[in-house]
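Dear colleague,

Please find below the structure that I am handing over to you. My notes on what was found in it follow directly after.

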Amino acid sequence: QISNLGLDKPGPTYTYYNAQKTIPDLTPEKFAKTYKSIDSDGNQGIKQDEIINYLNSNNISESEGKKIWNAYGNSTWKSIPSLKDGKWSKSRK
């Protein structure tokens, strides 16, 4: 499904199925649009700094930011997002 939207590597497909657990009503189109917005280097892999930059550049709320981190991030990351004084950063778990 998402390969038709320009995301043809295994990483985005895995992330899409994971993201659906966090955001049950997520459509392939909405996922692809957000994934491409987060993936600033276009390599079809999302890094922690890319999500932090996305959250900061889109003024994402704390609850929505944590949802995006859990949906599009990697569960093995040793950091979590934190919002302080209107700025997102990474914190240790």
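Ile46 lies in the loop between α2 and α3; helices here are DSSP runs of H or I with at least four residues, strands are DSSP runs of E with at least two, and both are numbered from the N terminus. Please note that this is a predicted model, in which local features need pLDDT of at least 70 and side-chain atom pairs count only at pLDDT 80 or more, while totals for chains, interfaces and linings use all residues. Residues are numbered from 1 along each chain as its sequence is written, and side-chain values use heavy atoms, with hydrogens and water left out.

Ile46 counts as buried because its relative accessibility is 15% (buried means under 20% relative accessible area, exposed over 50%, partly exposed in between, with a 1.4 Å probe and protein chains only). Apart from residues up to four places away in sequence, Ile46 touches Tyr35, Ile38, Asp39, Ile51, Tyr72 and Trp77, where contact means heavy atoms within 4.5 Å. Between the C-alpha atoms of Ile46 and Lys36, which are 10 residues apart along the chain, the separation is 9.3 Å.

In soluble globular proteins, nonpolar side chains tend to be buried together.

Within α2, the buried residues are Pro28, Phe31, Ala32, Thr34, Tyr35 and Ile38. These buried residues of α2 pack against α1, α3 and α4. On helix α1 (residues 10–22) sits Thr15, which is buried because its relative accessible area is 11%. Leaving aside its neighbours within four places in sequence, Thr15 is in contact with Phe31, Tyr35, Ala71 and Tyr72.

How do α3 and α4 cross, and at what angle? Their axes come within 11 Å and cross at roughly 150°; axes are lines fitted to C-alpha atoms, for helices over the stretch in contact, and angles run from 0 to 180 degrees between N-to-C directions. That angle makes α3 roughly antiparallel to α4 (under 35 degrees counts as roughly parallel, over 145 as roughly antiparallel, 65 to 115 as roughly perpendicular and the rest as oblique). The contact involves Gln48, Ile51, Ile52, Tyr54 and Leu55 of α3, together with Gly65, Ile68, Trp69 and Tyr72 of α4. Ile68 touches Ile38, Ile51, Tyr54, Leu55, Ile60 and Gly73, not counting residues up to four places away in sequence.

Strand β1 (residues 79–84) is joined to β2 by 6 bridges, and the two run antiparallel; strands pair if DSSP finds at least two bridges between them. Across this pairing, Leu83 stands opposite Trp88 in β2, and Pro81 stands opposite Lys90 in β2. The hairpin has 2 residues between the strands, and Asp85 takes a positive phi near 55° there.

Lys93 follows in the segment after β2 (87–92) and counts as exposed because its relative accessibility is 63%. Not counting residues up to four places away in sequence, Lys93 touches Ser75, Trp77, Lys78, Ser79 and Ile80. Lys93 and Tyr72 are 21 residues apart in sequence and 17 Å apart in space, C-alpha to C-alpha.

Most residues other than glycine have a negative phi, and most peptide bonds are trans. Gln44, although not a glycine, has a positive phi of about 60°. Gln44 belongs to the loop between α2 and α3 and counts as buried at 15% relative accessibility.

Asn59 likewise has a positive phi, near 50°, in a residue other than glycine. Asn59 is placed in the loop between α3 and α4. Is Asn59 buried or exposed? Asn59 is exposed, with a relative accessible area of 69%.

With kind regards
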